[in-house]
Amino acid sequence: MTFHYPNGQLFSQKNPRERSLTKETTFANRGMRFEEAINQSNEYYLIHDKAVVHKKPTPLQIVKVDYPKRSAAVIKEAYFRQPSTTDYNGVYRGYYLDFEAKETKNKTSFPLKNFHQHQITHMQQCLKQEALCFVLLWFSSLNRCFFLSAEKLVEYWDQQEIGKKSIPLDLIETAGIEIIPKIAPRIPYLTAIEQYLEKRS
């Protein structure tokens, strides 16, 4: 199946067999991908009535479909209809949550190129509505995860105008909240939210 970005650029992805032969990003030495860990955490929070958070679906425009059988349709070509905003949204204790999850292999800083202007704009719009907006940053080489508020992210993003291309790890350690991965939930980000709310009050 062929996918295209909104600008028409072809989306390429290695086939599953190729991916299995390459070294995958590990999560806490268990082979767990960061996004999968967050999804499992969301399932845990939902089952235990802690929060309702879901990954946002990517809107697609289907342009070519084959019908090998009357009862089956195979999508052959599709376009991402619009740039994505953030990865997740939901509700926790009456707060609207909106957040993005990003990872890097870098050991000393988090590159700002991992974010896009439309994502920053979306976060700014959410902040105007008093949403709890943040990013979860995963340093895969260090097995470390951080909660960073969108307010701080926007502040660092704006510093690109003076040549800043990344957020140093020591600043993230100071301005963010470290999240220690567990078994259940895998990424206990609600604990970080509680700490953030306590500091904000």
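Author: A surface patch here is made of residues with over 30% relative accessible area and no salt bridge, with nonpolar side chains joined within 5 Å. In this predicted model, Leu46, Val52 and Val91 form a nonpolar patch with about 210 Å² of accessible area together.

Reader: Why is valine 91 called partly exposed?

Author: Its relative accessibility is 39%. Buried means under 20% and exposed means over 50%, so valine 91 counts as partly exposed. Valine 91 lies in strand β6 (residues 88–92).

Reader: What makes α3 oblique to α4?

Author: The axes of helix α3 (residues 117–128) and helix α4 (residues 150–158) come within 10 Å and cross at roughly 135°. Roughly perpendicular runs from 65 to 115 degrees and roughly antiparallel starts over 145, so α3 is oblique to α4. The crossing is left-handed.

Reader: How do you know that arginine 144 forms a salt bridge with glutamate 173?

Author: Their closest N and O atoms are 2.8 Å apart, and the cut-off is within 4 Å. The pair links distant parts of the chain, with arginine 144 in strand β10 and glutamate 173 in helix α5, 29 residues apart. Arg144 and Glu173 also belong to a network of salt bridges with Glu178.

Reader: And what makes lysine 152 and glutamate 155 a salt bridge?

Author: Here the N to O distance is 3.8 Å, again within 4 Å. Both residues lie in helix α4, three residues apart, about one turn of the helix.

Reader: Why is lysine 152 called partly exposed?

Author: Lysine 152 has 29% relative accessibility.

Methods:
Residues are numbered from 1 along each chain as its sequence is written. This is a predicted model: local features need pLDDT of at least 70, side-chain atom pairs count only at pLDDT 80 or more; totals for chains, interfaces and linings use all residues. Side-chain values use heavy atoms; hydrogens and water are left out. Patches are made of residues with over 30% relative accessible area and no salt bridge: like charges are joined within 9 Å, nonpolar side chains (Val, Leu, Ile, Met, Phe, Trp, Tyr) within 5 Å. Accessible areas come from the Shrake-Rupley method with a 1.4 Å probe; for residues, only the protein chains shown count as cover. A salt bridge is a side-chain nitrogen of Lys or Arg within 4 Å of a carboxyl oxygen of Asp or Glu. Helices (H or I, at least four residues) and strands (E, at least two) are DSSP runs, numbered from the N terminus. Buried means under 20% relative accessible area, exposed over 50%, partly exposed in between (1.4 Å probe, protein chains only). Axes are lines fitted to C-alpha atoms, for helices over the stretch in contact, and angles run from 0 to 180 degrees between N-to-C directions. Angles under 35 degrees count as roughly parallel, over 145 as roughly antiparallel, 65 to 115 as roughly perpendicular and the rest as oblique. A crossing is left-handed if the near helix is turned anticlockwise from the far one by less than a right angle, and right-handed if clockwise.
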